[in-house]
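Dear colleague,

I am handing over the structure below for you to look at alongside my notes.

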Amino acid sequence: MTPILYERLGETVYCETLPNGLEIRVVPKPDHAKKYAFFATRYGGMDTRFSLDGQWLDTPAGIAHYLEHKMFDTKEGNALQELAKNGAEPNAFTSNSMTGYYFDSTDHFDENLEILLSFVSVPWFTQESVAKEQGIIGQEIRMIEDNPDWQIYVRMLRALYQVSTARTSIAGTVESIAQITAETLYQCHKAFYTPSNMILTVVGGVDPVKVSGLARRILPQEGGPAIPRDYGQEPEALETRETRLAMEVSSPQFLTGYKCCPVQEGEDRLRTMILGDLACDLLFGESSPLYQRLYSQGLINASFGGAFELMPGVAYLYAGGESKEPRAVAAELQKEADRLVREGLDGDFFQRTLRASFGSNLRGLNSFENIAVSLTEGYFGGYDPFRFPQVFDSVSQEDVLRFLQENVTESRSVLSEIVPKEA
Amino acid sequence: MTRTQLAGGVFLTYLPAKKFKTSLLSAQFVVPLRWETASANALLGAILRRGTVSCPDMGALSQRLDKLYGARIDTTIRKKGESQCAGFVASLIDDCFAPGGERLLEPAAGLLGELICHPVTRDGLFLEEYFESEKTNLADAIRSILNDKRAYADSRLLQEMCTGEPYGVPRLGNEQITAALHPQLLFDAYQELISTSRLEIFYSGSAERPRVEDALRAALADLPRKGAAAPPELTPHIPPEEPRFITERLDVTQGKLGMGFACGSGDAAALLLGNTLFGGSSNSKLFLNVREKLSLCYYASSLFHRQKGLITVSSGIEFENYQRAYDEIMAQLEAVRTGRLEDWELEAARSTLLNAYASMGDSQGKLENFYLGQAATGRDESPEDLADQVRAVTPERIFAAMDTVKLDTVYFLQGKEAEA
């Protein structure tokens, strides 16, 4: 294990690549009682079309998430119970581009890590157990369908993208998951749950060498081939400019989204993420003139916010919240972006925002979950997320303005609205 | 952990820690939770956060915070037992990470003190524009619970179950009372709050206690104190003779079944463990049976309300599965009562709780929330003490305690089209 010291963050990260291709990161936290392990595969809701053994496969929407649910089944029973016996709190999530399994525990860490590595690498499904999950995930889908935050977000993505699988709902639909069989799940596991497509991150007071030894012992000796994926050839044009849905909600909500230029993997990705975050802060963050003006005018409230996001092959920026006049807010946002590009930034405001954004990145390192997820995203995206202080040193006003000029333009924007149902 | 009195009714809970990137500083007024005052207190927090004499608007306030490396000061309104806790939580990067080596605790504490003691005013009242806009925002926030159907159903169950008891009052009050608030009433409420309510302060970070105390004494030098009230006595819950059944209809695709139970036993540690077995973890009876075995739902869990001696169950189901889910939840409660447990279940439940107590010290937010709950309900056990209590619970105690758990109120949220 090779230690890398990040002096400005007060952290050390031990790194290793095993012969089977598995990446390992250990971040020692000797003063904490909690130990946290995160085992992730580069496989998420967007990876529905891929090539395995020379053949292109189209799999149902929601399959990565379905697989996540079924991975906890073991030949002996269920890994949740095994971990719970040791007081560990296990869980998992599926995002657009990854599936992560994790637990935290204060005792029996080695034993728990062994269980985690075993159940994630050894699939065990039967037709019956797969069928049984339809009801559970069906209810999960119903639950999110009633959730206006989810509806407004997915509908924004479907307005932004014409073909990219960013359009696909991570959980799929009741219809799409009905097509999932044990056989397809085994195929997907075989393709994506190979050590060379995965990374293990441990945060807490543990011995890095022991973690690596355990991974060598439990996981397969061989990695797998790289799996080509097809996210769709996304054109520059939007699918639609506006989308609107009536739901049982208390007041209208909206998101305005911008289809940004995609970002390649590599160091540039971290830089673009930080530029995107800064652009959001400067344009509509709580300290921005626009936020304060709209808030005082009663056009937005504390629910207002937004972010810049990267997914495979796509990037977008969005902002929104509750508002009685979504169109007016979206128009003001565009006007402010145009004004910043035209007139430039206030130097003092830029420096303050840099400081605040640095502090917020540092604050993120309090959370073990956040450390593990960002190291994982960094590995999959080809950058080192702990180099953010150096990036902050090197970004200039011009960089942010160029970002705004290229990305936050009228022709790239969509509006997604949820309105209250008429009684 | 040490708790000291800084001034009349002002207490500091000091939690030293060098392992975090940040320091946390929280100031919370603890008052009895009442319909008449809940919305006023919630509104006060929001108005005070709008501006102080030296930083009269959001722009000036956020400038100050940005310069402190993006320190955050959030308004919080929480319900702890039958107390309402209203105040601010500040989070700032710990001094040792300030790139310029600046001291950040003192200016952050100073700003916190200003928010409490020196709000911007005009003619002896809060600025009218702040009052009006935050009043609208509060009313919107109260209404917006409808957007999260699970939270909505959980809150409706408690309201129905604890009608007439402070525990049934939502933390933000309600729309009608908010609508009736006016500037004079609110300013009077403010003066009353800061001079007579208990103020609980929490600090977690690397600074030594004398430095924290000095910073706070300076920051709160102008806080008027006319003595402070003790935490309110808890109203005992009066269960109905027969369980009450309430059905509501909204335009939703998933039904929400909430079930409230009253606990007759005062053995809190046994009830806590019993509830964990019943529905308090992802290895509980509810999870394994209602979800995993019968595939009736994605979530079905239960919560033990320690201060009030209640258990509530929350689940999301197909409308037509109401009876099956209801029967299964009752059957699982019966299984816990009568000790139908597999060997591993009790130890898994116990270690889940012990793990949660053991790791609490690793999160500043969890520590603050825990000790606020203790202070607001007049308790002084540490997480370690509670862990010891959990260790000592025997199966017999669990069965005896759970035997006193009685169905009280059932709340069902169903769709508009569906027929009962």
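Across the interface of chain B and chain A of this predicted model, 39 residue pairs are in polar contact, both residues being at pLDDT 80 or more; a polar contact is a pair of N or O atoms within 3.5 Å, where within protein one must be able to donate a hydrogen and the other to accept it, and residues adjacent in sequence count only if both atoms are side-chain atoms. Helix H12 (343-359) of chain B is among the elements that supply at least two residues of the side touching chain A, and H12(B) gives the largest share, eight residues (helices being DSSP runs of H or I of at least four residues, strands runs of E of at least two, numbered from the N terminus).

The count between the two chains is eight salt bridges, that is, a side-chain nitrogen of Lys or Arg within 4 Å of a carboxyl oxygen of Asp or Glu; one of them joins Arg355(A) and Glu102(B) at 3.1 Å, N to O.

Separately, His108(A), which is not a glycine, has a positive phi of about 55° and lies in the loop between strand S10 (99-105) and helix H3 (109-121) of chain A. Tyr69(B) also has a positive phi, near 55°, in the loop between H2 and strand S4 (72-80) of chain B.

Residues are numbered from 1 along each chain as its sequence is written, and chains are lettered from A and ligands numbered from 1 in the order in which they are written. Local features need pLDDT of at least 70, side-chain atom pairs count only at pLDDT 80 or more, and totals for chains, interfaces and linings use all residues, while side-chain values use heavy atoms, with hydrogens and water left out.

Best regards
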